[in-house]
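Thank you all for making time for this. I would like to walk through one structure with you, and I will give the cut-offs behind each term as we reach it.

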Amino acid sequence: MAVAALYTVYLDVQVRGRFEGARWTLPAKVYADPVELYIGQEATPASVVSDLARQGYRRDQDIDAAGTFRAGGSSVDLHTRAFDFWDGHQPDRRLRLAFGGGRIQSLTALDDGDDPALMRLDPMLIGSIYPSGKGEDRILVKLGEVPPMLPAGLIMVEDRNFMDHFGVSPKAILRAAVANLRAGGVVQGGSTITQQLVKNFYLTNQQTLVRKAKEAMMAILLDAHYDKEAILEAYLNEVYLGQEGGRAIHGFGLASYFYFAKPVEELQAHEIALLVAMVKGPSYYDPRRHPDRAESRRNLVLDIFEESGFLDSEAAVAARGRPLGVTDAGNRGTSQYPAFIDLVRRQLKGQYKDEDLTEEGLRIFTTLDPDVQSAAHEQVANGLEALERSQGVDGGELQAAAVVTSVEGGRILALVGGRQSRGAGFNRALDAQRPIGSLAKPAVYLTALDRPRQYHLLTPLDDRPLRVELANGDIWEPANYDNQSHGAAVPLYEALTKSYNVATARLAVDLGLPSVVDTLKALGYPGDPIPVPALALGAVEMSPMEVAQIYNTLAAGGYYTPLLAIRAVTTRQGEPLNRYPLQLRRAFDEQSVYLLNWILQRVPREGTARSAYLTLPDRLQVAGKTGTTNELRDSWFAGYGGDRVGVVWVGRDDNQPTRFSGATGALQLWSRMMRDIEPTSFKPARPEGIQTLPVRLSASDDRRPVGRDCDQAVQVPFMAGFVPEGLVPCDAPVAPDAEPADDRDSNWFLDLFR
Amino acid sequence: MRRLLLPLAVSMGMLWLAGCAPRAAYPPPPPPDSQDAAESGPSDDQSAEPSPTSDASAEPAPTLTEVSGPAVVALLDSSEQLARAGNPDRAAAAAERALDVEPRNPFVYQRLAALYLDQGQPEQAEAFARKSNSLAGRNPPLRAANWRLIAEARRALGDTVGADAALSRADYFAGQSL
């Protein structure tokens, strides 16, 4: 007797300790960048409706509730959700968006507030940071905040006597025992909601008699100490409702996002019924894997709702006729962004302890743009497959990674770590260290153009064979991709647009390799490459992310800004913990970068990346560079429009040769990706101290007859004060020996002065 | 000989060019279409795009409200209010949000430069002011204000020579202002 009493006390302490202490660990919640709505923003009713649908907004003619909208021909009315952003609370609003000319023309208040100049939608929840391996994930809800039909429905379906019994229900146990005896096995459990909670909270999943007894005793103790509401609320947050890899979905708060992409407050009758139905067996009734089973059990639950008077018969018939309404797997967050979440985790590491991230329910506001991410993912997954088919390569060996950034602000908008969409796996965007090949060349040319006394865009470079004796006595003899020499006087810009190795290597040797290393570092490369001549041709290993950092600096006119995946972190209650402010460093003179960008814009027009314009619209100005490494082991393209930098790598994990050069592999994925994300044109502002002169440029493979007028002239920029001597407008300025000109096209203007 | 001839050649070339406007300048101008027509909307970064510095037309320099959409104007306004209310972090957040809306608006960079200066981060202040200049185009008052910020930043760093140089740049642009 005394032993029994002592044991009861022991159980009592256990029960109260768990129930009153920190009941749950809450993984940090990761949010995508919110959609901003403002006057002048490029948008159509259809694009806004698609954003709203993705976030679980519901069509409703009277938009009384948050999370609803109605769409007209040229306007969308919506009732936004209130949300605690890192910079403060944004209340829910009823607004009309009017569209015209592909833009939002006005935001008009439909409530009592002022017309806002801009408005954020609540951000999309893209994942959680839970302990690696196994983790429970949940979003806490309060009993008073959920639709009343949810707890009431749970009681009707799971435990009708919940409000009356004392923790266990002898009636239910008896009923279950009879049923089990008849069936000759366990077909029915007599567990009350309290017992289910106890089982989840305190006990292992063994089915023994002792455990059953312990469960019953603890349930009675729990019921004695706490009111029904507290127990029910704990149940709402604890119940297991699904699985995604190592992440267990607990509670209705998270389940509502997991299955319907919206907060539990907004659930409709048929959605509530589905979640209640799933309590019995979340995997057996998984609406994504077993929609038929899930639907028939949901309708059973709707019958109970109707019998209980929660729904009139008309509403019940309508609800039973509704589709399940779960978001498709591709849209449910977490699993779709493993590489990005991995990056977020790494950027937080060192600032937060693991427990803070996995237990405190922090809110992490990231820079991810779901549309850009989905375009990048699409090209790495399906685009790569198309590429393989086009080359008759066996499927599966090829891998790819992609990074997209915002140029100004250095926001990471998308990150794809490999072609497999599921699971974390090897994050190639961050961890694949590969030689960058010709992607290194712009650093050589920028080093040169930063010395205006010596170099300008038309400086003749020597592309004849080169032998360099290295420090260790080896002889280094770089060769061009086509194994041709292009003469002793290739204009500087052309050597880069055509990616000539020998001219570039000689230029780098003349400049001094330590200077090229300095340039790479100034552009944002964190490593310390060995200053050997081969560096000029890409003998340095980088991850796609590191390449993106360097090219982002070029795209931003020479201003380095550290690439960021996180804007801010707040506590669960919305108090700001950390903001990651925008930082800038002026890495180069604007003029030098402007000149380099002039060349890099010619690469897709007439250089190694010409095939980009088979995919991209002609009016879109982009700049970039191809990269290919020995025996086609790595295929790279890094390039940008006005507001998007994209880096794509294609290769094999085992580092074997592929069949793709930078142009035939990575560039193809890049072009399609950029077509889909629709960047603005790259139109760098011309800095002070740049002047342009019209010059007739003739590429060496361009044998079109050139007229005496300025038909073929190009505005070539120079640094003021460093315009080369002897340069005459509309004339071929350099490499006369590479330019067989007939009399008619001879340099008549200069001849006047000879 | 050629050295002497160069200015002559170039200037004569210019004369010669005057009667011969290049018709195939690179990059080719985009064909007019609805998309580009739409790009002249109020908040597009193109509207903040400066006219070339060589453009010597004496039009008054565009002001914040002329080059910015209502969202950016509202955000910069709120940024200033927040800064005055002693909340520099949220003031910067508001300005950064403006940058997300119009990533190449030089007034936004100037605002951030001023905020960094107030927060005792002169290096950042100078970087943002120079970035503002790099996007300013022909806007002498804006450039003058940026150079004054740079002068203050350099003074805060103890670089008096650099500060004086920046001030004379500021004066130069102030003199060009209408």
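Let me begin with confidence: pLDDT is the predictor's confidence in each residue, on a scale from 0 to 100. Where pLDDT is low, the predicted coordinates should not be read in detail. For chain B the mean pLDDT is 76, with 67% of its residues reaching 70 or more, and the model scores ipTM 0.87 and pTM 0.86.

On conventions, this is a predicted model, in which local features need pLDDT of at least 70 and side-chain atom pairs count only at pLDDT 80 or more, while totals for chains, interfaces and linings use all residues. Residues are numbered from 1 along each chain as its sequence is written, and chains are lettered from A and ligands numbered from 1 in the order in which they are written.

Turning to chain A, the secondary structure comes to 23 helices and 32 strands, where helices (H or I, at least four residues) and strands (E, at least two) are DSSP runs numbered from the N terminus. The C-alpha atoms of chain A fill a box of roughly 115 × 60 × 45 Å along the principal axes. Of its 754 residues, 50% count as buried, meaning that 20 or more other C-beta atoms lie within 10 Å of the residue's own, with 12 or fewer for exposed and partly exposed in between. Among contacts in chain A between residues at least 6 apart in sequence, 70% join residues at least 24 apart.

Now to the sheets, where two strands pair if DSSP finds at least two bridges between them. Five strands of chain A form an open sheet with mixed pairing, in the order E11-E1-E15-E25-E26. Which strands stand at the edges? They are E11 (125-129) and E26 (576-579) of chain A, each with a single partner strand, so one side of each is left without a neighbour in the sheet. Within this sheet, E15 (363-366) and E25 (566-570) of chain A run antiparallel and are joined by four bridges, with Thr366(A) partnered by Ile566(A).

E8(A) and E9(A) form a hairpin with two residues between them, and Gly101(A) in the turn has a positive phi of about 60 degrees.

Most residues other than glycine have a negative phi. Ser499(A), however, has a phi near 60 degrees; this serine is in the loop between helices H17 (492-497) and H18 (501-511) of chain A, and it counts as buried because it has 24 C-beta neighbours inside 10 Å. Leu632(A) also has a phi near 60 degrees, but Leu632(A) lies in the loop between strands E28 (623-628) and E29 (634-640) of chain A and is partly exposed, with 18 other C-beta atoms within 10 Å.

Terms used: Contact = placed C-beta atoms within 7 Å.
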